[in-house]
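This briefing is meant for a reader who is meeting the structure for the first time. Please look through the sequence and the model below before going on to the points that follow.

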Amino acid sequence: MSQEHGAYGQSDATQGDQQEQLNKQEQSRATARTGSGEGAASNAQSAVSGSTDAKLNARRKDNKPNRKPWLWIAIAAIVVIAVVVSIVVFRQRTSGSNAQQADTVTVGLTLAPTNLDIRNQSGSALDQVLIGNVYEGLVSRDSENKVVPSIASSWDISSDGLTYTFHLNSGMTFSNGDELDATDVAWSINELIDKQYHDYNLLQNVSSVEATDSKTVTITLDAPYANLLWALAGRPGLVFDADASYDAKTQAIGSGPYVVDSFEANTSITLKANSRYWGEHKAKTPTVVVRYITDANAGLNALTSGDLQVLAPVSENLADGLRKQSDKYTVTTGEDTDKFVLAMNQAQGRATTDIRIRQAMRYAIDHNELIASRGGADAPLGGPIPSLDPGYEDLTDLYPYDVDKAKQLMEEAGYTTDNPLKLTLTYPNIYSTELGDQLKSAFKEIGIDLQVNIVEFSTWLQDVYTNHDYDLSLVDHNESHDFSQWTDPTYYYGYDNSEVQDLYKQAMAATNEKDTNTYLAQAARIVSEDAAADWLFNYRITTATAAGVEGFPVNLNQTLMPLYDVTYTRQ
């Protein structure tokens, strides 16, 4: 492997064993700036000597012995005050010098990647830690889920929505020192499409991607596609070095503010500042260690013991104890696009093809109580589009909690508490048993005998997601801009509505954002009115940080976690 195309590039911090980094973080302590201390001491000495000059005192004593004892008392008082003030100033200065920025921040997360091959490996854990930190895209997303410049400083869209012209920044390099220009951008996107890397299908209607010169990339479509920019802000828009040689499963070469210093599958990733970084988001902390801790209590213990400075997410029930120690920890809840969907199988022959039964279940769920039982951080969600996505509209008033209405609908469908409908709820064991118990209790009251079947995630994928063998299911759909699933009758929901499908096509074909949002909102309302599912809540991320941590992202941090602004000042 040549020096030019080495896997790690260069970093500002020294390379080292990960455990040594963690030990170093725990053992290092800031030292007082001696300049401040010496200045204070010197001031104290000056104050003392200025009022106790030996010759002056002797002269005074000879000329006016014992005539004004009150003068000596006053002088003594002044001396004492001066000494006390000098000591206080000294302590303040040395204390202030101890509050210095740490070289390392350690972040605790839950979902761990099994490898780093972001072009082939699925899972949001890779997007979370690599995009915006190690790899950069043609464009990016901000904390409000809006598309913003990245490798491209600006872009133009033709009036017919078929031509996107991207103008690139100057002086860009990869972490190994190779130049990054339009050729790399075009090659990366064309490789994605030709080799069908992960998420290639998000680039719809693309007919060509060309580097028209070293700083310009042109993407031509054969039909308008409103989601193109958003898609390019994710994996489809990532730019790779065609000349680099490295093991993509354990190493990474990108153009971001960090490089991967070390990776231990399912355990940790250590990021070092990229000394060759070209952009405005230079890393403020030389080393960021990401540790993966699946047990919630173990994560909390790591934070409170000082092994972590950030824990995301932390459950609301555990967060209460941290909130009571506001001098030591900050607890913040951020927006996200996670949708906890109660799926209702609408395949032919299922009882849930009856809209009255689906509507009854929606009326029977007390969403506010459900959210409160989880700690209160989550938000009500009355439809398929969350607040950070285009087309969002508050639809929670469509099916308010109304047990009497639910019973009436069940009776119309032929079921009562004495003659209940038997249904099975199948969901993965990565979610709490309490959710199943709460739904079982709610549905019993309206005439549904719900059996809860909690399975391994792999079993859920096979039985529910692939084979569509279920009555009701529950899963967190955390993807942004994923409304298209409601337009696909072959998806595991089995929902088929031609009006929704037409509205979605119009939304994607629109050449301005306003029209796209309008069509999506109309389609989402129909999906909710049809009770195609129930959206139990919009899961919101609760993040806990130690006092002195600044710049850690709160919104979307389970899928988008830029770390360049993160700092930790020891208190």
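Asn 297 is found in helix H8 (residues 296–304), where helices (H or I, at least four residues) and strands (E, at least two) are DSSP runs numbered from the N terminus. The model is a predicted one, in which local features need pLDDT of at least 70 and side-chain atom pairs count only at pLDDT 80 or more, while totals for chains, interfaces and linings use all residues. Residues are numbered from 1 along each chain as its sequence is written, and side-chain values use heavy atoms, with hydrogens and water left out.

- Asn 297 is partly exposed, with a relative accessible area of 45%; buried means under 20% relative accessible area, exposed over 50%, and partly exposed in between (1.4 Å probe, protein chains only).
- Asn 297 and Ser 315 are separated by 18 residues in sequence, and their C-alpha atoms are 9.4 Å apart in space.
- Phe 263 has its place in strand S8 and counts as buried at 18% relative accessibility.
- Between the C-alpha atoms of Phe 263 and Thr 250, which are 13 residues apart along the chain, the separation is 6.3 Å.

**The sheet**

- An open sheet of 10 strands runs in the order S8-S9-S10-S1-S11-S16-S12-S15-S13-S14, with mixed pairing; two strands pair if DSSP finds at least two bridges between them.
- Strand S8 (258–264) and S14 stand at the edges, each with a single partner strand, so one side of each is left without a neighbour in the sheet.
- Strands of a sheet pair through backbone hydrogen bonds, either parallel or antiparallel.
- Strand S10 (residues 287–292) is mostly covered, with 5 of its 6 residues buried.
- S10 pairs with strand S1 (residues 104–109) in the parallel sense over 6 bridges, and with strand S9 (residues 268–273) in the antiparallel sense over 5 bridges.
- Val 288 in S10 stands opposite Val 105 and is also the bridge partner of Leu 271, while Tyr 292 in S10 is the bridge partner of Leu 109.
- Strand S13 (residues 421–428) pairs with strand S14 (residues 448–455) in the parallel sense over 8 bridges, and Thr 426 stands opposite Asn 453 in S14.
- Together with helix H13 (residues 433–444), S13 and S14 make a right-handed β-α-β unit; a crossover is right-handed if, with the strands pointing away from the viewer, the path from the first strand over the helix to the second runs clockwise.

**Buried parts**

- Thr 542 lies in strand S16 (residues 533–546) and is buried, with a relative accessible area of 2%.
- The side chain of Thr 542 makes polar contacts with the side chain of Glu 316 at 2.6 Å and with the side chain of Thr 333 at 3.4 Å; a polar contact is a pair of N or O atoms within 3.5 Å, where within protein one must be able to donate a hydrogen and the other to accept it, and residues adjacent in sequence count only if both atoms are side-chain atoms.
- Helix H10 (residues 355–364) is largely enclosed by the rest of the structure, because 8 of its 10 residues are buried, among them Arg 358, Gln 359 and Arg 362.

**Cavities**

- A search of the whole structure finds 4 cavities of 30 Å³ or more, a cavity being a set of points, on a 1 Å grid over the protein atoms alone, where a 1.4 Å probe fits but cannot get out, and lining residues having an atom within 4 Å of a point.
- The largest cavity has a volume of about 90 Å³, a volume being the space filled by probe spheres set on the points, with grid points joined across faces, edges and corners.
- Residues lining the largest cavity include Asn 227, His 481, Tyr 504 and Leu 520.

**Backbone details**

- The peptide bond from Ala 312 to Pro 313 is cis, with omega near 0 degrees, and Pro 313 is found in the loop between strand S11 (310–311) and helix H9 (316–323).
- His 481, in the loop between strand S15 (472–477) and helix H15 (498–509), has a phi near 55 degrees, a positive value in a residue other than glycine.
- At 17% relative accessibility, His 481 counts as buried.

Conventions:
On a 1 Å grid over the protein atoms alone, a cavity is a set of points where a 1.4 Å probe fits but cannot get out, and a pocket is an open set with protein on both sides within 12 Å along at least five of seven lines; lining residues have an atom within 4 Å of a point.
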